[in-house]
Amino acid sequence: MPRFRAFPGIRYGAVDLAQVTAPPYDVIDDAERDALMRRHPHNVVHIDLPRGGPHPYADAAAAFAVWRRDGVLLTDEASLYLYRMTANGEATLGVIGALGIEEPGHGDVLPHEHTTPKAKSDRLDLLRATHANLSAVWGLSLAAGLSKLLDLESALLLGRWTDDDGVEHELWRIHDADTIARIVESASSAPVVIADGHHRYETCLAFSRERAELSGADATLCFLVELAPDQLTVKPIHRLLRGVTIGDLETALDRDYELDGGDDSGLALLTPQGRRALRRRRDDDEIDPVVLDRALALLPPHELIYQHGSENVERAVREGAADAAVLLRPVTVEQITRYANARDRMPPKSTFFWPKPRSGTVFRSLD
């Protein structure tokens, strides 16, 4: 079973968390990074997304140390942290703790989907310099009833703020030993699926092999949410295609889909000529990304781009940034659970969990 435990959290003191937290590092472009850096001298991007200068990672580590020394950041006794995100009236409540690192294929921390190639040296260099988890991976727990143990009334509210997308974020600290023990027991009783942050988890695994002598290198910071429909909002990630002809694409899709197949339920082909509904020829349990990947494998070599947000996809096709696109339907929580129980992985970019946890809520030292 997975190892999940309390840890001495490092967090901001008397500061508005709206000013110092940020989206995940890998969705921040240069313009947004500059804006966040101007927003507050202690915004998390100063240390989590260092740029410029001959030694950006050493500079980030030095800043992190100075913030701790000067009281910008406080260090708690061993704690767990409750974190809730609310968007459009729907809430996701989870617990932030230390999740044990496990070798692939050994244990009960499971990958959710295959990953696309991505450079890991940036995150590894930052981890080597700071010896700290500066942002959490997102884990989904198969422990039924975990959410019921996350009692907000018994926790200390640390902050409540609204981000630039209108999502409300709330953070609490739990330091009561009995409450911590109950949550840890539940979280450690069932497998954990990595929903978001696969590359960060793999980076922590690589670092744990390098620096096994560090007491905290055997775990990583994790935002853990029960894998339950009332806790998760799952959106699709659509497919943009470049370097294809519409004729080749229609031929490839024909084996598994009917074009203009009845009502448009969200599954559709977009071309410069317009939108055409797709209907799968077989009504089976396969998720849309699996069926589409099988069809696209029949195409001549082409470029495949992953994009969330149907409006972004429609604009890309309309403006000529893509030759065509396929809109997919969201994978359901039940389908995610089925894959998790089978210890199977979904294709890359099958799910887009929303909203995204902010970086900068809590940090964790590996020393």
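The model is predicted, with local features requiring pLDDT of at least 70 and side-chain atom pairs counting only at pLDDT 80 or more, while totals for chains, interfaces and linings use all residues. Residues are numbered from 1 along each chain as its sequence is written, and side-chain values use heavy atoms, with hydrogens and water left out.

**Exercise 1.** Determine the volume of the largest pocket and describe its lining.

Solution. 
- Step 1: a pocket is an open set of points on a 1 Å grid over the protein atoms alone, where a 1.4 Å probe fits, with protein on both sides within 12 Å along at least five of seven lines. Its volume is the space filled by probe spheres set on the points, which are joined across faces, edges and corners.
- Step 2: the largest pocket holds about 980 Å³ of space.
- Step 3: lining residues have an atom within 4 Å of a point. There are 38 of them here, and Asp26, Val27, Lys349, Phe352 and Lys356 lie nearest the centre.
- Step 4: at least two lining residues come from each of α2 (30-39), β10 (192-196), α7 (198-210), β17 (303-308) and β19 (352-354). These elements are DSSP runs numbered from the N terminus, helices being H or I of at least four residues and strands E of at least two.
- Step 5: the lining comprises 14 nonpolar, 11 polar and 13 charged residues. Ala, Val, Leu, Ile, Met, Phe, Trp, Tyr, Cys and Pro count as nonpolar, Asp, Glu, Lys and Arg as charged, and the others, Gly among them, as polar.

**Exercise 2.** State which element gives the largest share of the lining of the second largest pocket.

Solution. 
- Step 1: this pocket has a volume of about 370 Å³.
- Step 2: its lining has 21 residues, with Pro104, Val109, Leu110, Pro111 and Arg345 nearest the centre.
- Step 3: β5 (109-111), α7 and α11 (333-341) each give two or more residues to this lining.
- Step 4: the largest share, four residues, belongs to α7.

**Exercise 3.** Characterise the packing of α5 against α7.

Solution. 
- Step 1: α5 (residues 121-130) and α7 pack at about 50 degrees, and their axes are 9 Å apart. Axes are lines fitted to C-alpha atoms over the stretch in contact, and angles run from 0 to 180 degrees between N-to-C directions.
- Step 2: the two helices are therefore oblique to each other. Angles under 35 degrees count as roughly parallel, over 145 as roughly antiparallel, 65 to 115 as roughly perpendicular and the rest as oblique.
- Step 3: the crossing is right-handed, the near helix being turned clockwise from the far one by less than a right angle.
- Step 4: Arg123, Leu124, Leu127 and Arg128 of α5 meet Arg200, Thr203, Cys204, Phe207 and Glu210 of α7, where contact means heavy atoms within 4.5 Å.

**Exercise 4.** Locate Pro355 and His131 and describe their backbone.

Solution. 
- Step 1: Pro355 is placed in the loop between β19 and β20 (364-365). A cis peptide bond, with omega about 0 degrees, joins Trp354 to Pro355.
- Step 2: His131 lies in the loop between α5 and β6 (132-133). Although not a glycine, His131 has a positive phi of about 55 degrees.
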